[in-house]
Amino acid sequence: MRFPDFRQLISVITSKDTESGEDRSFERYRRIIKTAAGSLGSQVVNIISAVIVTPVLLNYIGLERYGLIAALSSALVLMNYLDFGVGIGIQNKVSKAYALNDHESGTIFVSTGMVFYSLVFVSLVLFAIFV
């Protein structure tokens, strides 16, 4: 498979016609480039906002309170990683159960997910208390 040159990619990115076979083959590249550009732009905005907000926040609330906010936000980020894909797994199982018109199984999956998240929350609270 031959990759298109840069000018072809730019023309495909800016064009809206995807009816011809050649343009449809480049649709995938157009979407990849748009997604990558959007992701890069988002990361740049996040970095710039952090660089601007951090000194302002430090001067406004002080070092001790800023440390508390940083610790709490780090705990929230940690909770995102403690998901272990359970949220998506529950979503898939519930969707399948409802597609098969098995509402009882869907309810069981949601309850199991709530128990899992409750256990994660309790373990984090216990960790915070005893550490």
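A: Contact here means heavy atoms within 4.5 Å; helices are DSSP runs (H or I, at least four residues) numbered from the N terminus. The model is predicted, with local features needing pLDDT of at least 70 and side-chain atom pairs 80 or more, while totals for chains, interfaces and linings use all residues. Residues are numbered from 1 along each chain, and side-chain values use heavy atoms, without hydrogens and water.

The part is helix α5, residues 103–130, which packs with helix α4, residues 86–99. Their axes (lines fitted to C-alpha atoms over the stretch in contact) lie 7 Å apart at an angle of about 165°. That makes α4 roughly antiparallel to α5 (an angle over 145 degrees).

From α4, the contact takes in Val86, Gly87, Ile90, Lys93, Val94, Ala97 and Tyr98. Facing them in α5 are His103, Ser105, Gly106, Thr107, Phe109, Val110, Gly113, Phe116 and Tyr117. By class, this contact has 9 nonpolar, 6 polar and 1 charged residues (Asp, Glu, Lys and Arg are charged; Ala, Val, Leu, Ile, Met, Phe, Trp, Tyr, Cys and Pro are nonpolar; the others, Gly among them, are polar).

Definitions and conventions:
Axes are lines fitted to C-alpha atoms, for helices over the stretch in contact, and angles run from 0 to 180 degrees between N-to-C directions. Helices (H or I, at least four residues) and strands (E, at least two) are DSSP runs, numbered from the N terminus. Angles under 35 degrees count as roughly parallel, over 145 as roughly antiparallel, 65 to 115 as roughly perpendicular and the rest as oblique.
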